[in-house]
Amino acid sequence: MHVGKRRSWQLSESEAISEGDYWNRRKFLKAVGLGTGSLAGIPNLIGATAGFPTTRNPKYSGEGLDVTDYDLVSGYNNFYEFSYDKDGPAKLANKGWKTEPWTLEVGGLVDNPLKLDVNDLIKRVGGIEQRVYRFRCVEAWSMVIPWDGFQLSKLLQLASPKSGAKFVKFTTFFDPKVAPGQRGGSIDWPYVEALTLAEAMNELTLLATGIFGKPMPNQNGAPIRLVVPWKYGFKSIKSIVRIDLVDTKPVNTWQALQPSEYGFYANVNPKVDHPRWSQGSERVIGGGFFSGRKDTLMFNGYEEQVAGLYDGLDLRRNY
Ligand code: MTE
């Protein structure tokens with residue numbers, strides 16, 4: 001059974017760039033006392049709490065960037081396990097879904113397989129820090145988010161990849177009893193994503209356990225999710241239970257669903273349009289209905305840090 005009606009891979013350009021429905025529903029929720037800022041009466045079963053308070057890493061201080069409001073970051077979400085509506089996850093992911101305790105397993109081509117509680121893992125990697133990153137969804141909207149987390153490279157070093165490991169595959173939880181979206185639909189659950197080992201080891205790639213200095217809200221992918229700021233948001237897989245080192249390129253969820261539209265690399269690239277809309281500019285969430293558009297940057301503004309990962313690759317192709 002599908003929850004809601006609009007699915008991202010079926011959006012037309014006008015739907016992808018309009019937030020009218022969202023704002024109308026938000027106004028309604030506010031009127032009935034269920035605004036996302038005050039989820040009155042809804043218990044917040046929040047994720048991993050280790051490592052707080054965090055200190056902002058000066059290298060990623062977000063200088064010159066306008067941080068999106070907490071209410072929007074935690075109220076305008078894509079989390080298809082719960083809903084296809086932007087305001088659905090904030091309600092449905094807080095209805096009995098427990099994200100603590102939570103175990104993460106790391107396996108496949110590693111010398112040191114791991115199975116750890118997320119709070120223990122945070123201690124093993126030496127804690128968490130805060131970084132402000134741009135976040136750009138393939139649907140042509142964007143936010144600026146202060147993430148709390150640690151570099152994925154630290155976890156991979158603990159697991160010690162074998163020489164044959166070339167890709168890192170991530171898998172989301174699967175529990176249709178609490179995640180209504182997983183009871184059917186076009187997606188072959190659980191949601192999976194993958195990076196090359198070099199992308200995973202890049203210093204920008206985070207495992208995030210919080211936002212705005214607080215534990216990750218369920219709707220944002222509690223208790224632990226990936227953040228890859230130079231790629232479209234769908235690569236930043238939420239609520240991870242498994243990480244596997246593998247030798248062949250995995251097929252990610254969106255590629256399996258619509259290979260003509262979504263590839264493996266999915267790097268933000270203003271010169272390569274989505275088949276149904278332009279990727280040249282983006283709608284800044286919270287930036288105002290008419291004034292909130294800005295030009296999209298190559299690699300979402302992280303060209304300096306990541307362009308070298310793609311030497312020799314034709315970035316116009318949908319790999
Ligand atoms: N991860 C899972 N497991 N399920 C999802 O539906 N949506 C992706 C990504 N990670 C998704 C997911 C998409 S399309 C986007 S844009 C981001 O999460 C949204 O993250 P946010 O809701 O924290 O902004």
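Let me begin with one contact in this predicted model: a nitrogen atom of the ligand lies 3.3 Å from a polar backbone atom of N78. Taken alone, the ligand exposes 530 Å², and the protein buries 100% of that area.

An N or O atom in the side chain of E81 is 2.8 Å from a nitrogen atom of the ligand. For N77, the corresponding pair involves an oxygen atom of the ligand, 2.9 Å from an N or O atom in the side chain.

Which residues are the closest to the ligand? They are N77, Y80, E81, R225 and K238, out of 17 residues that surround the ligand. Sorted by class, this shell comprises 8 nonpolar, 6 polar and 3 charged residues.

I turn now to the space itself. The structure holds 2 cavities of 30 Å³ or more, and the space taken by the ligand is the largest cavity. Its volume is about 320 Å³.

The lining of the largest cavity consists of 26 residues. Nearest its centre lie N78, F135, R225, G233 and K238.

By class, the lining of the largest cavity has 15 nonpolar, 7 polar and 4 charged residues.

Technical notes:
Residues are numbered from 1 along each chain as its sequence is written. This is a predicted model: local features need pLDDT of at least 70, side-chain atom pairs count only at pLDDT 80 or more; totals for chains, interfaces and linings use all residues. Side-chain values use heavy atoms; hydrogens and water are left out. A residue is near a molecule or strand if one of its heavy atoms lies within 4 Å of it. A polar contact is a pair of N or O atoms within 3.5 Å; within protein, one must be able to donate a hydrogen and the other to accept it, and residues adjacent in sequence count only if both atoms are side-chain atoms. Accessible areas come from the Shrake-Rupley method with a 1.4 Å probe; for residues, only the protein chains shown count as cover. On a 1 Å grid over the protein atoms alone, a cavity is a set of points where a 1.4 Å probe fits but cannot get out, and a pocket is an open set with protein on both sides within 12 Å along at least five of seven lines; lining residues have an atom within 4 Å of a point. A molecule sits in a cavity or pocket if more than half of its atoms lie within 2 Å of its grid points. Ala, Val, Leu, Ile, Met, Phe, Trp, Tyr, Cys and Pro count as nonpolar, Asp, Glu, Lys and Arg as charged, and the others, Gly among them, as polar. Grid points are joined across faces, edges and corners, and a volume is the space filled by probe spheres set on the points.
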